[in-house]
Each structure stands twice: as structure tokens, then as C-alpha cells.
Amino acid sequence: MSDPAHPARSSPPMARLATTVVALMVGLLATGPAAVLAATYPASDYSNVTAFDTCDGTPDTISRSLEALAQNGLSYLGYSSGEYATTGFTRARVLSRASSDQAIYVHSHGDQYYDPYPRQVQGFREDGGDCSQAIVYATDLAAVRPAAVHLVVMSTCHLAEAAKTAGEPTMAAAYGIDRVKYTDPHAPDDGSRFFLGYEGLAYTADMLHFEQRFWGYVTAGHLLGDAFTLARASAAMSTATVPDWFGTYDYSGAPGSSLPCTRCV
Amino acid sequence: MHQRPNLSRLDLGIAAAGLATAVALVSVAFSAPLAAPRVADAALAVPVAQGAVAREAAVELAGRFGLAGTAGLPVRSADQITGALIDTVDFRLADGRLAAEVVRAADGRLERVVDLTDPPSGPGTAVGAAGAPEAARRLVGTSGLAAPASAPVTTWDAGMDAWCVRWVRIIDGVPAPTDGLVTWVRPSGRLKALSDTRSPLADAPPQPIPAATASLAVQGYVRGLHLDALPSLVYTAPRLAWVLPNGFVDPAVTTDPSILRLAWTVTFSYIPPGWTERHTVEIDVDAATGALIGGTETA
């Protein structure tokens, strides 16, 4: 560190400023945007492979496909997302990363589980690589979340529903997102929050069709609300599977508020 | 006492240029994840005359529905899932915001029209569940399509903020659950979206295999997975349906996933060991060959 009384060198303020900024820019470039985003916009992409394969007895490839679609979408939006399945997708990992994640994708079993009976709390099951599969409750997440996240996708049954037990947090609320649809860009949640989930039972083949469309529109630069609407209108789905969303319709999904929406300008 | 270095205008110019370059590079680097939309990558050339017809048809349709925005040029692309060629005309507001989208098959058949604007303030009649089917019939008529005479299934679709009125496609008396004419009707009675999905069909067999044969095939599959030992296992009666094959049973399946095939759908449910919830699985058995061509399960 240089002594302020005896600076080794000096230069005009303009040049000094320019040199500093250039050095910073070059540093950023050398590090790469991915590395900077990794530090700034972490995300998690969880898929419960074991539940839909080993545990229920039927083979499954849909879980991996959904995980890959989400990973591609989150990367496109500018998040640095870790992918976790089998032994990597544990309740402990979800809770430990919850405090820093800016976006989260979960494909798993979801329900309003008894905790204990008759109290029902929304939650999803970890993978863990075996079939014991502890539940990650909305109450657990609400306790460790310091602030709202930008984007939450719950690719499960039931987690877009209202709480069955009054006063318990929904999964959306656990991540700081109101179960409200804002179409005004000046929404009270600052306009950069979006939750996607399913009502009632959801079938995996339908979910794959819908999420292929949704992420397809997202990675084509559509706003998240538009991506939802266009996916809903174009996905080949049975009547049984019903996706829903909350948050700000006009949100691009990008973690930085200044990042552009390429289809809306 | 130290001396200020004597920086010339050239030095400052170089510094400024370097700064501008660095800003530009960083800007490009950071915007890269949101760069060129994929749809543009997949865009194909639309013959000029065909493009003009597609645009004119889209504008005329938008006028009938009172859609906002100015039509762009048609973009031909391969559907991201089925690979079928489609022509998309986007309608944009003055600020560039996407307001509506009209999609036609390359042969001109209307596949869907979607209004992406906020609930419009234009005139409309308040519509409830009872009135939604009639409103949907009116909107289908406006599109130039014909609604089936049968009663549709009407549900409230919270995600679309609209009534979802669905006529499942029926082919020779057999439903195709993922195909059909679906209209989303806003509570005002105006259109939110309309979609007419008609996947291509494989040849139907002269005579489907017996339902009992399909049941036996699925029971064999269940035995192979050792699920037959579960006391909770129950089957429901097979039902004939036109289905899209997938890799649920065999990931290496080569059956075209975009072509509907006549199949028996056999549903079974059980409580896996250690679980408290019942798990439901559907297996599709090709009605021509008896092969297991796909399925799905509850999440």
C-alpha cells in the first residue's frame, strides 16, 4: 500500500480515473462474466431422479430432461446454476444454498404434507440417492431465506396451491414471492420476482411438454409472463396438469435489472 | 516533491478509447447470455408471396379479434418440439412490446392466436363458467374454425386468468387427450388464446388388439419391475386413446414422438415402499403391435 504523503507516482485525475476503470474492466474481462455472475447470481437446479426411477420402480428419463432444460434456461438468463440430483440433492444442501440462491428449480414430489397431522405444510422431497427422501418444508425455507429470490420453478404437484392450513407459508411465500399476479411493471415486489408451479396432480409427460415450451420461449427472449402464456397455448398437455404462476408478468427473468429483454424492444 | 507526468492529448485519447473499448467489450460479454433469440437461429425463409398472404391473413384475423399492435413479417421456423414448419406473425405495440401472436401451419391452417396484452378495457360481457362454452364457440367462429357440436370441458385456468374451454380431439370416436381445440376466454368474454392442435396420425390398425391383451402386456411390465408384490397395486380398465409416444418405458424408443398412435392406456397405482401417497402410472400400449410406446406418472 502506498503512503499517501509520499505517492510513488501520480497522474492527472482524468487519466487516473480512466486507467483505474480500464484496469477494472480488463480485470472483469479476464475473469469472464460467468465468474462474476457466479459470485453475484447463484442458482440451484435440483432434480429428484431416484424417486421417479428406483423408488417407484419404473424407469425414468424425464427428470434428467427437465433438469437439463432448467439448467439451460437459468444459464441463458445469467444465473450461475449448480445442478444437483441423486446424492447431491439433499435437504441439507437445499437449506444451505437457500440463503444465497437467486433462482431455484426443483423437480420432485411436492405436496401439502402433514407436519404433524392435521397441520399441512407445503414441501418437496429431497432425492438423496435413496428412497427415504426427507421433506424440505416451506417453513424450513422461510426460516433461512434472508430476502426474496428472483425466479422459482417448482416442477412438482400441488405447490402452486394456496395453503390448506391457514397461516402456513406457501412455497412461493417461502421464497419471498406473493401469490399474486402483477401485470403492472411497478409491482410492489420491484418487478423482478416470478414463481411457476402446478396446481393439483401434475403428470411428468405433460410437465416435460410444458416446460420444454416455457424454457424455449424464455431462451428466445420472451418475458416470463409471455413465455408462460405462449407455452400454455402451445404445449400438448392433457387437462389433468395445470401450471400457474405468481409475481410480475413482465419480468424478464434476468437477475440484473438492467439486462435486456430481447423480444420486447 | 514529485512532478506530474506530462500526459499529452494523445495519451488521454488512448485512455478514453481504451475505456470505451473495455466498456463495449464488458457490455457485450455481460449481455451475451441474453443475445440472439433462438427462434431467429431457426428462422427459415418464407417465400415472398406466401409471406405476404400469411401476414395479410394474420392482420385480418387480428382485426376480427380486435388485437392490438402492428403486424411484423411472418417468420417461418420449425416447431421446437414437433419439427413441423410454422409461420408466426408477431404484433407489437409502439414501444416494441409483443402484443399478440398468430401461428399458422405452413399449409395455412390456423394453429393458434394469443393475445398477450393486459386485460383489455374494450367492451365485453361478463362471462362465468356457464357462459364460457358459448363465448368460446363465438370466438372459435370468429377465428374461422368450427367448434364441434359436442359439449366442451370448461375449467377456470388461473395461470391464464381465463376460462379454459376444451374440445378434446376425437378421431373415429376415440379421444386424443393432448390434441384439440382449446379456447381461453377472459371473464370479459374476449379472447385470451385459441389453439387448435392436430398432430399427424399414424395409420390405425384395422382392428385394435383386445383390451385384455394390453392389460396383460402392462401386467408383464409391472411384474418385470417387481411391483406386483405390492398389496396396494390396483389397475383401472384400459381405455383407447390416440397418444404421443415417449421414452417413459424405453428411453431408446424410436417411435416418432410427434405422431399420434392408437393405443390402450392402462393405468395402475400403488404405494411405493416407505411412501404414504399413492403413485399413479399410465402406460400406453400400441393398439396395432402391442408394444409399450410410452407413459407418464404423477409427480
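Predicted model: local features only at pLDDT ≥ 70, side-chain atom pairs only at ≥ 80, totals over all residues.
Local features here need pLDDT of at least 70 and side-chain atom pairs count only at pLDDT 80 or more, while totals for chains, interfaces and linings use all residues. Residues are numbered from 1 along each chain as its sequence is written, and chains are lettered from A and ligands numbered from 1 in the order in which they are written.

Take the helices to begin with. Helix α4 (residues 62-77) and helix α8 (residues 204-218) of chain A have axes that come within 10 Å and cross at roughly 15°. (Axes are lines fitted to C-alpha atoms, for helices over the stretch in contact, with angles from 0 to 180 degrees between N-to-C directions; helices are DSSP runs of H or I with at least four residues, and strands are runs of E with at least two, numbered from the N terminus.) That crossing makes α4(A) roughly parallel to α8(A), a label for angles under 35 degrees. On the α4(A) side, the contact includes Ile62(A), Leu66(A), Leu69(A) and Tyr76(A), and α8(A) brings in, among others, Met207(A), Leu208(A), Glu211(A) and Trp215(A). Contact here puts C-beta atoms, placed from the backbone, within 7 Å.

Now for the sheet. Its 3 strands run in the order β4-β5-β6 (chain A), open and with antiparallel pairing; strands pair if DSSP finds at least two bridges between them. β4 (110-114) and β6 (135-137) of chain A stand at the edges with a single partner strand each, so one side of each has no neighbour in the sheet. Neighbouring strands are turned by 50° against each other on average, direction ignored. Strand β5 (residues 120-125) of chain A pairs with β6(A) over 3 bridges, and Gly123(A) stands opposite Tyr137(A) in β6(A).

Key
Parallel < 35°, antiparallel > 145°, perpendicular 65-115°, else oblique. Contact = placed C-beta atoms within 7 Å.
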